[in-house]
Amino acid sequence: MTASENMTTDYDVVVAGAGPVGLFLGCELGLGGARVLVVERLTEVDETIKAGAVNIPSAVAFYRRGLLPEMAAVWEAVLERMRTFRKDGGEGDRPRVPPKFAGHFAGIMMDPDLFDGSDPLWAEVGPAAEAGLGVPQAELERILARRAAQLGVEVRRGVELTGFTADADGHSDGDGHGHAEGDADGHGVTVHILDRESGPEEIRARWLVGCDGGRSTVRKLAGFDFPGTDPEITGYQAVVEMTGTERLGAGWNTTDVGTYVHGPFPGRVLSVEFEGPPADRSAPVTAEELQASLRRVSGVPEVSITKMVTATRFTDNARQVTDYRRGRVLLAGDAAHVHSPFGGQGLNLGIGDAMNLGWKLAAVVRGRAPEALLDTYTAERHPLGAWVLDWTRAQIALMRPDRHARALRRVVTDMALTTTGTTYLVTQISGVWQRYDLPGDHPLTGRSAPDLELADGTRLGEHLHTGRALLLDLADDSELRARAEGYGGRLDILTVACPGRPDLAALFVRPDGFVAWAADGHAGGAGGKALPEALERWLGTPADNARPAA
């Protein structure tokens with residue numbers, strides 16, 4: 001392919017990074033009708049052990065896109081591995097069912113029997129609350145790659161983003177080159193990539209999104225501010241074959257040196273030391289390095305690692321960009337925020353970014369919504385990212401081996417092992433509390449929509465598979481429906497009763513499943529007059545010949 005031919009390649013959005021966040025974002029953009037290219041430096045799915053815990057918002061997002069059954073099947077396979085795990089880390093003929101898992105805070109395990117799930121938030125989650133998903137990241141990537149292919153999203157592996165040049169409104173000159181010609185609307189990004197097989201190319205796109213991880217090339221080249229706190233730990237997570245494990249404690253263990261984890265399946269270990277960050281985090285983890293750390297932390301000198309299956313190194317570097325957008329360049333996932341992996345929040349935070357950004361960016365590139373809609377991306381997601389960073393910092397403070405931290409840890413442990421403490425921590429870990437600060441005074445506004453059981457036998461979440469917004473008319477109100485005319489292709493209108501919520505008259509649910517407007521009683525009356533404003537705010541102006549009645 002010649003250079004001139006390369007320049008004719010045209011996409012609405014180029015996504016850098018085909019991890020779970022980049023793939024899910026690609027799926028959301030494709031679902032919204034955008035032309036998408038996802039580029040990934042690696043030629044194959046990375047099998048390195050990484051995040052796997054899926055919290056409630058992520059499980060709900062996958063449920064709303066019809067992905068939950070496939071992920072649940074993977075989780076069942078993971079459980080089968082756990083059923084054969086014995087305390088010594090081996091596999092034997094005395095399988096045991098893993099205990100119920102409610103999560104942990106700094107390695108302080110929650111007792112599921114102390115959890116009080118009476119809060120209505122839990123009852124309204126729907127099937128996702130029962131999923132209990134722990135999907136290995138590699139398997140999640142495969143599931144999302146299959147969905148991307150079904151949606152016509154192009155994914156190119158073995159392709160590295162090496163630079164980009166944004167037009168005048170893009171605020172970025174990612175490789176120092178001059179500004180490129182604009183698209184039909186005068187704005188865009190020229191993305192420079194290196195294909196391992198065909199060599200360098202230039203690709204023209206209207207938008208670029210960096211989902212390329214904590215050491216994001218896109219973030220660095222675009223010049224995003226990335227403030228935060230420096231790391232103080234070196235951590236390892238691995239799956240290995242090892243001997244001499246009889247004296248290793250199962251699960252999370254705190255010692256005078258640091259923290260280690262053994263389990264919950266054969267060969268899985270984690271070790272954390274508070275001696276500062278590693279000299280070279282990108283260097284391969286060796287068996288000798290991991291073994292030495294595990295021996296120091298556990299105090300078990302006879303433990304020996306005989307084979308490395310997969311291993312990774314991590315720190316508690318905690319940083320977040322100040323704005324998730326600079327002109328035509330946006331960030332999502334670890335490219336926008338990094339932190340320690342404790343609590344399993346990183347993957348979930350990134351999935352939430354993708355779910356929030358995807359439908360908005362698709363609406364903008366398709367001309368259905370103004371560019372200002374993208375301003376809500378940072379406004380809604382940045383506060384949740386900041387919360388996650390502090391949540392992980394608090395765990396690091398409790399895991400330090402000094403006397404002050406250990407004294408505080410004992411106090412927090414006592415509090416955690418109460419019904420109130422367990423319920424608080426489990427709720428925070430789960431993410432079920434998350435909401436956005438949206439206009440409107442109804443209690444549901446800004447919340448993830450309750451998964452209502454409807455009179456026709458369906459649930460609300462099943463009607464979001466299309467990726468379109470939903471107006472749920474629960475009172476058969478023709479006046480309400482008239483106010484929503486002119487949004488064909490952007491809004492599904494469903495008229496159906498909800499016996500379990502007779503007080504609720506109507507809901508306007510955004511494509512990401514969050515409630516943008518709700519009404520009790522007669523929705524077509526005074527309360528319904530706010531619906532056109534909400535529709536226009538999130539879906540753009542209606543068709544000229546079908547503007548909603550005032």
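**Exercise 1. Describe the lining of the largest cavity by class and by element.**

Solution. Start with the classes: 5 nonpolar, no polar and 3 charged residues line the largest cavity. Here Ala, Val, Leu, Ile, Met, Phe, Trp, Tyr, Cys and Pro count as nonpolar, Asp, Glu, Lys and Arg as charged, and the others, including Gly, as polar. Next come the names: Phe24, Cys27, Glu28, Leu31, Arg65, Leu67, Arg147 and Leu151. Helix α2 (residues 20-31) gives the largest share, 4 residues. The volume is about 40 Å³, and the count comes to 1 cavity of 30 Å³ or more.

A word on the terms. On a 1 Å grid over the protein atoms alone, a cavity is a set of points where a 1.4 Å probe fits but cannot get out, a pocket is an open set with protein on both sides within 12 Å along at least five of seven lines, and lining residues have an atom within 4 Å of a point. Grid points are joined across faces, edges and corners, and a volume is the space filled by probe spheres set on the points. Helices (H or I, at least four residues) and strands (E, at least two) are DSSP runs, numbered from the N terminus.

Please keep in mind that this is a predicted model, where local features need pLDDT of at least 70 and side-chain atom pairs count only at pLDDT 80 or more, while totals for chains, interfaces and linings use all residues. Residues are numbered from 1 along each chain as its sequence is written, and side-chain values use heavy atoms, with hydrogens and water left out.

**Exercise 2. Find the residues closest to the centre of the second largest pocket, and the elements around it.**

Solution. This pocket holds about 470 Å³ of space. Among its 36 lining residues, Pro57, Val60, Gly431, Ser448 and Phe514 are the closest to the centre. The elements giving two or more residues to the lining are α3 (56-64), α9 (345-365) and α10 (375-399). By class, the lining has 19 nonpolar, 10 polar and 7 charged residues.

**Exercise 3. Trace three salt bridges and say what each pair joins.**

Solution. A salt bridge is a side-chain nitrogen of Lys or Arg within 4 Å of a carboxyl oxygen of Asp or Glu; the count comes to 34.

- Step 1: Glu124 pairs with Arg501, with the closest N and O atoms 3.4 Å apart. Glu124 lies in the loop between α5 (120-123) and α6 (137-150) and Arg501 in the loop between β20 (491-495) and β21 (504-509), so the pair ties together parts 377 residues apart in sequence. Glu124, Arg447, Arg501 and Asp503 are linked in a network of salt bridges.
- Step 2: Arg381 and Asp353 meet at 2.8 Å, N to O. Arg381 is in helix α10 and Asp353 in helix α9, so the pair ties together parts 28 residues apart in sequence. Arg381 is buried (under 20% relative accessible area) at 3%, and Asp353 is buried at 0%.
- Step 3: Arg393 and Asp390 meet at 2.9 Å, N to O. They are separated by about one helical turn, because they are 3 residues apart in helix α10. Arg393, at 27%, and Asp390, at 47%, are both partly exposed (between buried and exposed, the latter over 50%; 1.4 Å probe, protein chains only).
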